[in-house]
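What can be read from its helices, its buried residues and its contacts?

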Amino acid sequence: MSDDFQLPTKNHPAPEIRELPEAPVKTWGIIGPGLVSSGVGLASGEFILWPFIASQVGLVFLWGAVLGVVIQWFLNLEIERYTLATGETALTGFSRMWKHWGLVFVVLVIFANAWPGWATSSATLLSFMTGGNVTAIAVTMLVATGAILTLAPVVYVALERLITVKVIAIGGFFVLALIFALKSSSWGALPSAVTHVGRIPNLDFALMMGAIAFAGAGGGQNLCQSNWIRDKGFGMGRHIQRLVSPVTGKEEALPTARACVFALTDESLGRWRRWWRFVNVEQALTFVLVTALTIMLTSMLAHSTLFGNPALKNDISFLRLEGDQLKSAVGGWFGSLFWIIGSYSLFAATVGIIDYTARLAADVVKWTYLRESKLSESRLYFFTVWGIVAMGSSILLFGIRQPLVLLVISACTGGMMMFVYSLLLILLNRRTLPDKLKTPAWRVVALLLSAAFFAYLSYFAVKQGVEKVRESKRRPAAFQTLFQAEAQARLLREGEVAVRDRG
């Protein structure tokens with residue numbers, strides 16, 4: 001092991017020394033994990049939370065979305081820093097410091113994603129147009145998700161293509177929205193997002209804090225940046241095997257060591273600087289730009305169609321009303337297209353969420369607990385994906401509405417994870433990486449501010465969660481939209497009522 005790297009070897013073997021590959025030079029190479037992260041994250045927050053806020057108070061709070069995305073930009077880059085330098089995921093790095101850190105995060109991610117809210121929301125939007133049983137549609141979507149993730153020869157390639165189609169579809173929809181649907185009043189209100197920076201509108205405080213925290217990705221999804229850039233072949237990740245389908249793919253030979261580091265020569269440091277510049281630009285142009293633009297446009301569309309509408313209710317049913325308003329303003333085809341795009345976006349998010357949950361679990365179990373086993377990470381991923389599909393389908397088929405305890409866990413786990421791993425990233429990248437690669441002091445300050453923000457959010461979520469358990473019969477509607485999982489539950493219920501009314 002090179003003396004420049006100080007990776008603890010109590011729980012994982014010492015790394016090999018390999019050559020750091022060259023960074024991409026082609027423009028198309030910029031499309032990668034940042035786009036996948038933003039594409040998976042374009043779900044509840046972008047289609048539910050931020051448009052809901054815009055429908056209630058206008059565009060004065062959009063500055064909060066930019067703040068949330070920038071915080072996650074720093075987190076993503078520090079997660080990527082470790083993998084670029086070692087080929088290991090951040091969770092494996094955490095497990096080098098304490099063996100069970102990875103398992104702790106996997107359990108939290110599974111708790112947060114246990115209820116199949118994104119699939120049921122997608123099915124509900126689809127049922128607005130087609131009718132049909134929401135549960136049957138959602139279960140079909142879950143099975144299709146399992147097939148997509150386990151039959152593709154290289155899993156990451158299939159996910160990247162699915163998300164690319166999603167981003168293109170959303171972009172095409174908003175080109176039409178710019179032409180046909182956005183009112184001049186919404187363009188006139190847009191500068192208020194800048195002039196009102198720092199002002200908190202008169203809405204539920206927890207709702208707005210949650211919207212900031214989960215703008216873009218949030219929770220365990222940020223941690224999966226390690227896995228995605230490894231499978232994309234960024235940095236030292238090019239020396240590590242990719243997840244493939246045990247059915248249709250060809251498993252690559254195992255590396256002789258899980259981590260691979262490089263000697264700090266002038267040539268390798270030059271390559272490192274090019275890689276670091278590349279991932280900063282990649283994240284800025286895909287994750288930050290795509291997420292911020294989508295939040296802005298979905299919020300402006302909600303503002304154009306719903307703001308000031310006396311029929312607007314303080315709950316998630318605004319999505320059905322928004323579609324109806326678009327039908328009236330533009331034509332029936334456009335309102336239906338809105339629901340189709342929303343349904344596909346939430347379905348693609350389902351694929352991405354099950355993927356990253358299974359990736360994190362397979363990575364931790366294989367390389368922390370089953371390193372000597374012949375059971376490959378790809379096969380563990382296969383079994384985990386279908387386990388999640390089976391669990392979600394069972395919840396829906398047995399008619400289980402989201403349990404109250406699970407709601408509280410979902411409300412707390414995302415912020416708690418981000419608080420903890422903001423601090424762990426400082427320890428990991430400052431203690432284990434060479435001076436020329438480690439996190440600089442000014443970025444440490446950014447991570448400390450991130451930790452403080454998510455610590456406060458976690459405290460607030462736990463406090464309101466306890467109150468919610470005590471007063472479950474008197475929950476305010478606005479708080480029900482705070483976290484993604486419960487927003488999905490409300491959307492399902494509203495959609496089922498709408499379908500019955502139409503029938």
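Student: What should I know about the model before reading values from it, and how many helices and strands does the chain have?

Tutor: This is a predicted model in which local features need pLDDT of at least 70 and side-chain atom pairs count only at pLDDT 80 or more, while totals for chains, interfaces and linings use all residues. Residues are numbered from 1 along each chain as its sequence is written, and side-chain values use heavy atoms, with hydrogens and water left out. Helices (DSSP runs of H or I, at least four residues) and strands (E, at least two) are numbered from the N terminus. On that basis, the chain has 19 helices and 2 strands.

Student: Among contacts between residues at least 6 apart in sequence, what percentage join residues at least 24 apart?

Tutor: Contact means heavy atoms within 4.5 Å. For the contacts in this chain between residues at least 6 apart, the share joining residues at least 24 apart is 84%.

Student: How many disulfides does a search of the whole structure find, and are Cys224 and Cys260 buried or exposed?

Tutor: Cys224 is buried, because its relative accessible area is 0%, and Cys260 also counts as buried at 0%. A disulfide is a pair of cysteine sulfur atoms within 2.5 Å. The number found in the whole structure is 0.

Student: Are helix 12 and helix 15 roughly parallel or roughly perpendicular to each other?

Tutor: The axes of helix 12 (residues 225-232) and helix 15 (residues 332-369) come within 10 Å and cross at roughly 85°, where axes are lines fitted to C-alpha atoms, for helices over the stretch in contact, and angles run from 0 to 180 degrees between N-to-C directions. Angles under 35 degrees count as roughly parallel, over 145 as roughly antiparallel, 65 to 115 as roughly perpendicular and the rest as oblique. Helix 12 and helix 15 are therefore roughly perpendicular.

Student: Which residues make that contact, and how do they divide by class?

Tutor: Helix 12 contributes Asn227, Trp228, Arg230 and Asp231, and helix 15 contributes Asp355, Tyr356, Arg359, Leu360 and Asp363. Ala, Val, Leu, Ile, Met, Phe, Trp, Tyr, Cys and Pro count as nonpolar, Asp, Glu, Lys and Arg as charged, and the others, Gly among them, as polar. The division is 3 nonpolar, 1 polar and 5 charged.

Student: How many residues of helix 12 are buried, and which residue follows the helix?

Tutor: Helix 12 is mostly covered, with 7 of its 8 residues buried, and among them are Trp228, Arg230 and Asp231. The residue that follows has a positive phi, near 90°, and is Gly233.

Student: Why is helix 4 described as largely enclosed by the rest of the structure, and at what angle does it cross helix 3?

Tutor: Helix 4 (residues 90-97) is largely enclosed because 7 of its 8 residues are buried, including Ala90, Gly93 and Arg96. The axes of helix 3 and helix 4 come within 9 Å, and the two helices are roughly perpendicular. Their contact is made by Ile79, Tyr82 and Thr83 of helix 3 and Ala90, Gly93 and Arg96 of helix 4. The crossing angle is roughly 80°.

Student: Where does Gly58 lie, and which residues does it touch beyond four places away in sequence?

Tutor: Gly58 lies in the loop between helix 2 (44-57) and helix 3 (62-86), and its relative accessibility of 7% is why it counts as buried. Its C-alpha is 8.8 Å from that of Ala302, although the two are 244 residues apart in sequence. Not counting residues up to four places away, Gly58 touches Ile53, His303 and Phe307.

Conventions: Buried means under 20% relative accessible area, exposed over 50%, partly exposed in between (1.4 Å probe, protein chains only).
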